[in-house]
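Please open the structure in your viewer and keep the selection tool at hand. The stops below are meant to be followed in order.

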Amino acid sequence: MSDRRPRAARRRSPEPPPAAGPPEPAAGPEGPSVVQATLYRDGRRVASPATLAETYRQLREHPDGMAWIGLHRPTEQELHSLAAEFDLHELAVEDALEAHQRPKLERYGDTLFVVLRAARYLDAQEEVDFGELHVFVGPDFLITVRHGAAPDLSAVRRRMEENPALLSLGPEAVLYAVLDAVVDGYAPVVAGVQNDVDEIETEVFGGDPAVSRRIYELSREMVEFQRATRPLVGMLHALMAGFAKYGTDEELQRYLRDVADHVTHTSERVDGFRQALTEILTVNATLVTQQQNAEMRALAEAGFEQNEEIKKISSWAAILFAPTLVGTIYGMNFETMPELKWAGGYPFAILLMAVVCVSLYVIFKKRDWL
């Protein structure tokens, strides 16, 4: 990547006259996709062309300069224009158009193609929003293709312009600054997720019934976060392995090692979050099961008490039914009924009712119905 050959040596076809540069595509419905195009020489801004065609022309006129082109959701025509001008590989251009790529690092000749997944934490929704960034790095150009709101590359541009010595190291320095911005953007996400995990633990032990859904949603976000951070570790180690081969400046080597340390730390934190959420989900399931068992036990106890009350009511009803039956029979006032003229009929009826009632009481008492 330190090769600074003249651009004409890398072109697919002879250089056309400056006036015949590719036309600038029309702005899309959401506004122009070219966020900013800037030319630098010796680490200082020398021009800010308004169109891609003007950028091409001025870079041809100053082959010792560097172009930094930033795009947001570019059109197919714009990317094909850049591919023709900077000899970008068609597979990399296809990836940049389709987006939805996993983080990766690929080299096509003297052009490096990097895919990054940026992230930001949305406080209001308490969720993680992911963006995608594609970076083409050549000997004298750097092209960023952004899909999503993150990261804020304008801050990276200001930071680099405030440090001309670092910017003068070329496109590699800008790439490492972009990597640093993406990795630094993970820190607020990690802090936000840590706060969510703490809140979830409180909700779990507080018995909040909606916490299971929150655990599931945060676990899915951590899967996406892990997919964004884990490949970065290997990518940065691959870049560090090429220090000697591509003659990377020592300052940039230190810069990249620092970025690698940060992304390793972030990746470990994300792995810890996933494990913690898995354990929390297990604990929540256990607590929910215990709560359900307690509710079932309470229902069973309530049913048992209700059955005991029913037994008592049924026992007294049976006891009271015996004298009621005898009294009802002898209260029918039929003249031909037996025992009506018997002098001991009344005492016998009273005795019969008493014996039946006492017998039933004893029976129910022995069965613990009373």
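This is a predicted model: local features need pLDDT of at least 70, side-chain atom pairs count only at pLDDT 80 or more; totals for chains, interfaces and linings use all residues.

Begin by selecting R117, which lies in strand β5, residues 111-122. Is this residue buried or exposed? With a relative accessible area of 15%, R117 falls under the 20% limit and is therefore buried. If you set aside neighbours within four places in sequence, the residues in contact with R117 are Q101, P103, F130, G131, E132, V182, Y186, E224 and A228.

Next, select helix α4 (residues 153-161) together with helix α6 (residues 171-184), whose axes come within 10 Å and cross at roughly 130°. The two helices are therefore oblique to each other, and α4 passes α6 in a right-handed crossing. To display the contact, show L153, V156, R159 and M160 of α4 with A173, V174, A177, V178, D180 and A181 of α6; by class, these are 8 nonpolar, no polar and 2 charged residues.

On the α6 side, the contact is made by E172, A173, Y176, A177, L179, D180, V183 and D184, and on the α10 side by L252, Y255, L256, V259, H262 and V263. Coloured by class, this contact shows 10 nonpolar, 1 polar and 3 charged residues.

Conventions:
Residues are numbered from 1 along each chain as its sequence is written. Side-chain values use heavy atoms; hydrogens and water are left out. Helices (H or I, at least four residues) and strands (E, at least two) are DSSP runs, numbered from the N terminus. Buried means under 20% relative accessible area, exposed over 50%, partly exposed in between (1.4 Å probe, protein chains only). Contact means heavy atoms within 4.5 Å. Axes are lines fitted to C-alpha atoms, for helices over the stretch in contact, and angles run from 0 to 180 degrees between N-to-C directions. Angles under 35 degrees count as roughly parallel, over 145 as roughly antiparallel, 65 to 115 as roughly perpendicular and the rest as oblique. A crossing is left-handed if the near helix is turned anticlockwise from the far one by less than a right angle, and right-handed if clockwise. Ala, Val, Leu, Ile, Met, Phe, Trp, Tyr, Cys and Pro count as nonpolar, Asp, Glu, Lys and Arg as charged, and the others, Gly among them, as polar.
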